[in-house]
Amino acid sequence: MPFDAPASDAPTSDTRATHGARDSAPGARDSADRPQGPPPEPGVPPELGKQPEPGKQAVPALRIVPVRRTGQWIAALFVLLLLAMAVNSLARNKAFQWDVVADYFTTSAVLRGLGLTLWLTALVMVLGFVLGTLLALGRMSSNPVLSWVSSGYIWFFRSTPILVQLLFWFNIGALYPQLGLGIPFGPEFVTVKTVNLLGPVTVAVLGLTLHEAAYAAEVVRGGLLSVDRGQIEAAQSLGLSPWRRLRRIVLPQAMRAIVPPAGNMLIGALKGTSIVSVIAVQDLLYSVQLVYHRTYQVIPLLLVATIWYALVTSVLSVGQHYVEKHYARGAERS
């Protein structure tokens, strides 16, 4: 007769398989028994800041401490103190005579001198870079005559001070009383006295141009050499003429290396024009000298010239910044 089997505590095969799989899983029993704590904070290692296991000591979380820049703050305060002392000295020292500075700052004599300074700077830089570009191309030429002549010119005018050059050109009449145009070792068709041909302004333009051209040649040569040789070879493979290669391929890329030193040369030429006052060219410095020789107010008139030079150089520096940014568009990182 059928009868019910007695209940047995022995596990069945399915139950044993289930328990065996659960016990054999690595870490299964530990993960079930381990208390679940909050996740670690960002920037804290996983072993820090978590709930300690039973019987173990808690590990404290890291505390971020800002870097102390005590030395930098002390240096900044010291510089600010020096600036405050300088401003106080400029404002309270009556010897500067700021009222006299304001009276002469926009007088007609000073503005005429400023205009001549700006005109002289612009003309010298244009002529200097035109001649300097020709010298740079001559020095890079495969023709040994052009290369040696250009190198000798650059060497000579970079080796002599600009003041010596100006005084030499101002006294050129002692060497050549007359200048003529004609056939070498033959008759002269046109002659003119050197004194009538080379006045103070002409001497200033000539001396400064020849001086700046030597430096401009090295600036242009450095810019041309900065262009990758592969660019020139690619232009040659396209059949471009040498002049077109220079104008369309080489110069636009070379301007990135030419503009920064050229801007420094421009600012230096502006300040360097003050040296023409030694040959009686009425630039900005010579104009204020004429005034303080008459009024004996030396310090305020020199301050007038100083402020004008500072203002013009500041404007040129801003212009140089935007010109550099224009030519560096393809090289800037986004």
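Which residues form a nonpolar patch on the surface, and how much accessible area do they have together?

1. **Basis.** This is a predicted model, in which local features need pLDDT of at least 70 and side-chain atom pairs count only at pLDDT 80 or more, while totals for chains, interfaces and linings use all residues. Residues are numbered from 1 along each chain as its sequence is written, and side-chain values use heavy atoms, with hydrogens and water left out.

2. **Nonpolar patch.** The patch consists of Leu 77, Phe 78, Val 79, Leu 80, Leu 81, Leu 82, Leu 83 and Met 85, with about 810 Å² of accessible area together. Patch members have over 30% relative accessible area and no salt bridge; like charges are joined within 9 Å, and nonpolar side chains (Val, Leu, Ile, Met, Phe, Trp, Tyr) within 5 Å. Areas are from the Shrake-Rupley method with a 1.4 Å probe, and for residues only the protein chains shown count as cover. Leu 80 belongs to helix H3 (residues 70-92); helices (H or I, at least four residues) and strands (E, at least two) are DSSP runs numbered from the N terminus. Leu 80 is exposed at 52% relative accessibility, where buried means under 20% relative accessible area, exposed over 50%, and partly exposed in between (1.4 Å probe, protein chains only).

3. **Aromatic pairs.** Six aromatic pairs are found in the whole structure. Rings of Phe, Tyr and Trp (its six-membered ring) pair if their centres lie within 6.5 Å; planes under 30 degrees apart count as stacked, over 60 as edge-to-face and the rest as tilted. Phe 96 and Trp 98 are stacked, at 5.7 Å centre to centre and 20 degrees between the planes. Phe 96 is buried at 19%, whereas Trp 98 is partly exposed at 36%. The pair of Phe 156 and Phe 157 is edge-to-face, because the planes stand at 90 degrees with the ring centres 5.2 Å apart. Phe 156 is partly exposed at 41%, and Phe 157 is buried at 9%.

4. **Salt bridges.** The whole structure holds four salt bridges, each a side-chain nitrogen of Lys or Arg within 4 Å of a carboxyl oxygen of Asp or Glu. Glu 218 meets Arg 158 at 3.8 Å, N to O. Glu 218 lies in helix H9 and Arg 158 in helix H6 (residues 144-159), so this pair ties together parts 60 residues apart in sequence. Glu 218 also bridges to Arg 221 at 3.1 Å, N to O; these two residues are three apart in helix H9, about one turn of the helix. Arg 158 is partly exposed at 41%, and Arg 221 is partly exposed at 21%. A network of salt bridges links Arg 139, Arg 158, Glu 218 and Arg 221.

5. **Helix H10 and the largest pocket.** Glu 233 and Arg 229 form a salt bridge with closest N and O atoms 3.9 Å apart, and they are four residues apart in helix H10, about one helical turn. Arg 229 is also among the residues closest to the centre of the largest pocket, with Met 140, Leu 224, Ile 232 and Val 250, out of 14 lining residues. The space in this pocket is about 400 Å³. Helix H11 gives the largest share of the lining, four residues.

Key
On a 1 Å grid over the protein atoms alone, a cavity is a set of points where a 1.4 Å probe fits but cannot get out, and a pocket is an open set with protein on both sides within 12 Å along at least five of seven lines; lining residues have an atom within 4 Å of a point. Grid points are joined across faces, edges and corners, and a volume is the space filled by probe spheres set on the points.
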